[in-house]
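Okay, thanks for having me, everyone.

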Amino acid sequence: MGGSGQMPVQVMQRGDVSRAIQRIAHEIVERNHDLGNVAIVGLQRGGVWIAEQLAAKIIAIDPTLSVSSGALDVSMYRDDLRIRPVVDGAITEISFDVTDMLVVLVDDVLFTGRTVRAALEGLNSFGRPRAVQLAVLVDRGHRELPIRPDFVGKNIPTHAHDEVLVSEDGVIVKAPQ
Amino acid sequence: MTIVIKGGSIVGATGVTNADVLIDGDRIVEVGQGLRGDESLDAQGCHVFPGFVDLHTHLREPGREEAETIETGSRAAALGGYTAVVAMPNTNPAQDSVAVVKFVRDQGVRAGLCDVFPSGCITVAREGKVLAPFADLTAVGVRVFTDDGNGVQDPALMRRALEYARTLGVTMAQHCEVQDLTRHAVMDECACSSDLGLPGWPAIAEEMMVSRDIELCRLTGGRLHVLHVSTRGSVELVRQAKRDGLPVTAEVTPHHLALDHELLRSFDPVYKVNPPLRSMEDVLALRQGLVDGTIDAIATDHAPHPPRDKELPLDQAPPGMLGLEYALGVVNSVVDVTPSRLAEVFSINPARIAQIGDRHGAGAVVGAPANLSVVDLAATWRAEDHRSASLSRNVPYRGRSLRGKVRHTILYGRAVVRDGEAMR
Amino acid sequence: MRHVRSISELGRDRILGLLNLADRMAEINSRPVPKVPALRGRTVVSLFYEDSTRTRLSFETAARRLSADTMNFSVSSSSVNKGESLRDTVETITDMGVDAFVVRHKSAGVPWQIAQWTTAAVINAGDGAHQHPTQALLDAYTITRSRNSQDLAGLRVAIVGDIRHSRVARSNVEAFTALGAEVLLVAPPTLLPPVVSHWPVEVVHDFDSVVDSVDVLYMLRLQAERMNQGLVPSLAEYSTHYGLTPRRVARMSVDAQVMHPGPMNRGVEMVVDPAEIRGSLIHRQVTNGVAVRMAVLFDSLAVEPDHSALREEAR
């Protein structure tokens with residue numbers, strides 16, 4: 001996939017994306033029988049819209065469940081000192097107590113794993129969850145840390161310098177210019 | 001042994017002539033074309049001025065030898081084209097006694113780089129309370145008296161001082177500052193000081209004393225010299241005093257002609273000086289005063305301070321700037337004057353005011369003492385490229401282009417500076 | 001690495017950026033564990049040549065919440081040797097390793113002088129009567145967030161008191177006007193700077209003529225020694241004409257707010273108990289101080305990302 005000088009490739013269509021999210025919602029419900037206390041937390045910015053859809057779909061699957069949702073900005077937690085510019089609007093909103101909850105972190109793309117590591121640390125400043133699971137729409141490989149997803153929309157092998165763009169309309173892989 | 005200055009343009013009060021100058025011993029013996037001597041100093045492209053005379057130099061010795069000594073200050077003076085300096089009396093002990101005056105003069109002779117004429121204090125220890133022994137000091141050659149650093153605050157005391165000045169035929173030089181109006185002042189009182197939250201020195205603190213002393217001069221007939229004029233109001237007061245025919249003279253520093261108070265926004269203590277840098281309007285009025293004759297002389301107010309003193313916070317740092325080596329280059333780059341006028345303000349007038357006209361200020365004239373300064377008026381240079389002979393480094397001209405450099409300085413027939421290098 | 005020394009050095013865009021950053025910091029402060037590792041491994045040194053427990057603690061708390069290491073040199077303790085020059089102190093600390101100095105000094109200009117002797121960022125916690133930029137930032141933050149607005153456009157703000165000797169006033173005039181407010185200075189002539197005609201403000205000597213028409217009243221502290229310097233005839237007279245009295249509070253408009261940088265001189269500029277003023281923002285000013293200072297430290301010490309780092313956004 002990808003490769004220098006080649007055209008961008010659309011590897012998931014709009015329908016593929018929504019089906020993947022639906023499937024992940026089912027998997028979350030199946031895996032976690034007593035969903036007494038569950039929170040779906042999207043990582044800013046790419047994971048937030050997916051988390052919102054997941055939360056809605058989980059409730060649609062089982063309306064008796066109470067599902068909390070939130071958003072987490074990890075820019076203060078990156079382990080490399082090159083801190084990317086703080087993006088306006090990419091705020092953290094976790095208005096519930098995470099103690100003893102099952103938290104499902106949600107991101108659009110899993111790559112090196114550093115964002116997730118930062119998110120785990122960020123989550124800690126809100127309390128001690130019972131357990132944390134990870135749902136991603138795309139796993140593009142090239143892990144640099146021992147992080148593995150619990151729920152994956154699609155595995156897409158890429159070159160390290162490719163760009164992966166995700167939206168409701170689909171997933172595109174772009175080679176560098 | 002004879003020395004010939006070859007190929008230069010001789011500057012006198014009346015004009016400029018191309019000619020060589022022959023020196024024998026400590027005198028000028030011939031001025032003409034194609035002269036020859038045992039030694040030769042190249043003056044091609046240069047002007048031959050009467051040696052400069054600084055009415056206002058702080059040599060710091062005795063008392064603050066870490067900032068400057070009479071030797072290092074004299075060397076800086078020679079490099080700047082000065083063959084004579086009037087040394088300010090705010091030493092420690094102050095120059096308010098014959099003993100200290102003789103010490104300073106002897107140190108100057110020993111250094112042998114320029115003539116050092118100590119000024120005397122107006123009041124003992126410059127405290128402004130008791131008059132100094134004017135007659136004794138005059139007897140040992142002092143002709144200029146000042147409490148510089150301070151102005152004499154008490155008008156009755158200043159009146160007496162000017163009365164003595166008239167009797168003894170000497171000059172009272174005043175640092176005009178009404179201290180009650182300048183408490184804690186760090187810079188000019190202006191929009192800039194308001195922005196920076198710094199206490200300021202309003203122009204009237206100078207002008208009130210200039211005005212007062214002009215009236216006392218009118219009353220007593222004693223000679224008054226106004227040190228480091230810095231405001232347009234002061235220039236106008238001096239102008240009027242001269243129109244009235246009073247024996248008033250005035251000097252201006254190179255820094256007050258070139259720099260203005262906006263520089264203090266950098267908070268760099270190198271720009272802190274008393275009286276402070278003022279507005280561009282004041283600067284322009286000072287330049288005009290120099291051109292039209294209201295201001296008689298350039299005086300450097302060379303005020304060395306060791307680097308650690310100028311690294312203090314702005315309000316704690318002592319005021320003062322170096323000037324001897326830069327005066328000509330600075331003045332010549334900001335004011336458009338003829339070489340003759342330069343000779344007047346750098347040499348002829350200050351020599352007259354200091355009453356040393358028998359030795360300095362005559363220029364390249366047959367029979368006169370050979371005290372000369374050979375200057376390339378077109379040479380451009382930068383202050384930071386010059387290695388100062390001063391022990392201090394508080395030069396406010398970094399980043400500016402100066403125009404006019406001293407090539408040779410001749411003191412009583414000896415080249416104390418040759419090709420821009422001090423010979424001792 | 002960027003300095004924060006005066007409001008005019010920051011400019012409107014950077015001010016707005018810092019206020020937005022402060023929102024994030026306020027959110028961090030609201031968490032059960034209000035700490036993030038953003039400045040881990042960085043050292044922030046407080047160099048306080050003037051006593052100020054409140055401001056110094058505010059900065060230290062801010063630094064620690066960002067996981068920076070802190071060191072504190074204050075002149076009241078013996079760690080600042082009075083015989084040691086400012087330059088020696090700064091260079092020694094720089095050699096030991098420091099990323100930012102937070103400096104307070106009674107001499108204006110020290111943050112600019114220090115910057116020549118160190119590679120660390122310099123944060124001005126107050127220099128003489130010149131500037132106190134973090135105070136102005138937290139004041140602007142407090143007003144805008146209390147009104148749910150981004151800037152101060154359309155607001156009339158009166159700064160009342162000893163403008164002449166106030167670094168808070170100078171920073172606030174710059175910050176409030178940069179954010180679009182209409183600023184009035186209310187003071188007797190002796191407590192105004194010698195020249196203010198070039199400041200973008202209106203100058204008023206009669207407090208009562210404007211107290212009912214302003215949106216924010218910013219009261220400055222009057223120091224008792226101003227009376228000894230002959231700048232005011234007496235504290236009582238000052239209080240009568242320029243103090244915030246119950247009568248003036250009653251005349252304030254309904255939505256008007258009151259602010260004070262602290263500490264207060266009760267009975268002088270504040271005759272009424274601030275707890276009894278409905279529009280008082282004074283407590284919020286103190287609270288917001290930490291969030292704003294966290295924003296300042298973060299913004300100053302964050303490495304400027306180059307474009308390859310922006311690509312890491314996707315990781």
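Let's start with one pair of residues: Val44(C) stands opposite Thr70(C), which sits in β2(C). The two strands there are β1(C) and β2(C), residues 69-74, and they pair in the parallel sense over six bridges. Before I go on, please keep in mind that this is a predicted model. As for β1(C), it covers residues 43-48, and five of its six residues are buried, so call it mostly covered.

Between β5 (156-160) and α6 of chain C, you'll find Ile163(C). Is Ile163(C) buried or exposed? Well, it has 26 C-beta neighbours inside 10 Å, and the cut-off for buried is 20 or more, so Ile163(C) counts as buried. And who does it touch? Leaving out residues up to four places away in sequence, Ile163(C) touches Ala169(C), Leu185(C), Ala187(C), Leu191(C), Leu192(C) and Pro193(C). There's also Pro188(C), 25 residues apart from Ile163(C) along the chain, with 9.5 Å between their C-alpha atoms.

One of those contacts, Ala169(C), takes us into the helix α6(C), where Ala169(C) is buried. How many of its residues are buried? It's 11 of the 12, so α6(C) is largely enclosed by the rest of the structure. The buried ones include Arg167(C), Arg170(C) and Glu174(C), along with Val173(C) and Phe176(C). Then, just after the helix, Gly180(C) takes a positive phi of about 95 degrees.

Now for how the chains meet. Chain C puts 20 residues into its contact with chain B, and chain B puts in 17. On the chain C side, the elements giving two or more residues are α3 (86-96), α4 (110-115) and our friend α6 (167-178). Which of them gives the largest share? That's α4(C), with three residues. By type, the chain C side divides into nine nonpolar, eight polar and three charged residues.

What about the other pairings? There are two pairs of chains in contact, and chains A and C share the most contacts. Chains A and B don't touch; their nearest C-alpha atoms are 31 Å apart.

Let's finish with chain B. It has 12 helices and 21 strands. Its radius of gyration is 20 Å, close to the 22 Å that the globule rule gives for 424 residues, so chain B is as compact as a globular protein of that length. Along the principal axes, its C-alpha trace spans about 60 × 45 × 40 Å. Buried residues make up 60% of the chain. And if you take the contacts in chain B with a separation of 6 or more, 75% of them are between residues 24 or more positions apart.

One last stop in chain B: an open sheet of three strands, in the order β8-β9-β10, with parallel pairing. The edges are β8 (52-57) and β10 (115-118), each pairing on one side only. From one strand to the next, the twist averages 20 degrees. β8(B) and β9(B), residues 82-87, pair over four bridges, and Phe52(B) has Tyr82(B) in β9(B) as its bridge partner.

That's my tour. Happy to take questions!

Methods. Residues are numbered from 1 along each chain as its sequence is written. Chains are lettered from A and ligands numbered from 1 in the order in which they are written. This is a predicted model: local features need pLDDT of at least 70, side-chain atom pairs count only at pLDDT 80 or more; totals for chains, interfaces and linings use all residues. Two residues are in contact if their C-beta atoms, placed from the backbone, lie within 7 Å. Ala, Val, Leu, Ile, Met, Phe, Trp, Tyr, Cys and Pro count as nonpolar, Asp, Glu, Lys and Arg as charged, and the others, Gly among them, as polar. The radius of gyration is taken over C-alpha atoms; the globule rule is 2.2 Å times the number of residues to the power 0.38. Two strands pair if DSSP finds at least two bridges between them. Axes are lines fitted to C-alpha atoms, for helices over the stretch in contact, and angles run from 0 to 180 degrees between N-to-C directions.
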